[in-house]
Amino acid sequence: QLTDFIHFTTNFHPALKYTWTISYISLPFLGRTISIAGDRLLTDIHYKHTDSHGYLDTQGSSHPASCKDSIPYSQFLRLHRICTQDEVFHTRAAEMSPFFRERGFPSSTINEALTRVSSISRDSAFSPHPPTCNKGRVPLVLTFHPTSRQLQ
């Protein structure tokens with residue numbers, strides 16, 4: 001019955017495309033692989049085969065260095081939150097690092113981001129950070145360009 005329903009929904013409208021998996025062990029769901037181990041649910045990162053890992057190309061980008069440098073950190077932090085087991089996190093982080101190198105991120109930036117994230121416990125990775133307070137400052141919003149460094 002389940003496969004009949006899946007075939008019905010996948011053929012319902014030609015513009016709608018679904019992927020589906022039936023398994024008693026693990027399932028991909030919202031960028032995660034959820035699996036059962038004993039009486040626990042474990043999560044891991046899941047990449048679709050169409051994922052190009054197209055992070056910002058640092059060579060041709062005019063983004064500020066702080067913006068570019070935060071990408072590996074935020075992706076490693078996301079990975080740390082997703083992976084329930086530390087060993088899996090470190091394995092996936094080692095797999096993720098070349099994605100950043102291919103986009104021109106320096107190895108030092110990647111290693112520093114991974115070191116920072118590795119020093120955070122998984123539980124505290126979920127804790128919200130208090131917002132930074134910038135009272136008394138008037139924001140000056142400009143379009144960034146590398147030649148605008150004299151404004152810094």
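A: Buried means under 20% relative accessible area, exposed means over 50%, and partly exposed lies in between, with a 1.4 Å probe and protein chains only. C67 counts as partly exposed because its relative accessibility is 32%. C83 counts as buried because its value is 1%. This is a predicted model, in which local features need pLDDT of at least 70 and side-chain atom pairs count only at pLDDT 80 or more, whereas totals for chains, interfaces and linings use all residues. Residues are numbered from 1 along each chain as its sequence is written, and side-chain values use heavy atoms, with hydrogens and water left out.

Q: How many disulfides does the structure hold?

A: A disulfide is a pair of cysteine sulfur atoms within 2.5 Å. The structure holds 0 disulfides.

Q: How is the length of a helix checked, and what span should helix α3 have?

A: Helices (H or I, at least four residues) and strands (E, at least two) are DSSP runs, numbered from the N terminus. The expected span of a helix is 1.5 Å times one less than its number of residues. Helix α3 covers residues 86-102, which is 17 residues, and so should span 24 Å; the C-alpha atoms at its ends are 25 Å apart, in agreement.

Q: Which residues of α3 are buried, and what covers them?

A: An α-helix has 3.6 residues a turn, so residues three or four places apart point the same way. In α3 the buried residues are V88, F89, A93, M96, S97, F99 and F100. Their cover includes strand β3 (40-45) and the helices α2 (65-82) and α4 (107-118). Just after α3, G104 adopts a positive phi of about 90°.

Q: Which residues other than glycine have a positive phi?

A: Among them are L30, with phi near 50°, and H53, with phi of about 55°. L30 lies in the loop between β1 and β2 (32-37), and L30 is exposed because its relative accessible area is 66%. H53 is in the loop between β3 and α2, yet H53 is buried, at 14%.

Q: Is S52 buried or exposed?

A: S52 is found in the loop between β3 and α2 and is exposed, with a relative accessible area of 62%. Its C-alpha atom is separated by 32 Å from that of V141, 89 residues apart along the chain.

Q: How are contacts read, and with which residues is R32 in contact?

A: Contact means heavy atoms within 4.5 Å. R32, in strand β2, is in contact with L27, D44, I45, H46 and I82, leaving aside neighbours within four places in sequence. R32 is partly exposed, at 33% relative accessible area. Between the C-alpha atoms of R32 and N111, which are 79 residues apart along the chain, the separation is 24 Å.

Q: How is a pocket found, and what volume has the largest pocket?

A: Rolling a probe the size of a water molecule over the atoms shows where empty space is left. On a 1 Å grid over the protein atoms alone, where a 1.4 Å probe fits, a pocket is an open set of points with protein on both sides within 12 Å along at least five of seven lines; lining residues have an atom within 4 Å of a point. The largest pocket has a volume of about 350 Å³. Its lining consists of 13 residues, of which T19, P28, F29, H46 and K48 lie nearest the centre. Strand β1 (residues 26-29) provides the largest share of this lining, 3 residues.

Methods
Points joined across faces, edges and corners; volume = space filled by probe spheres on them.
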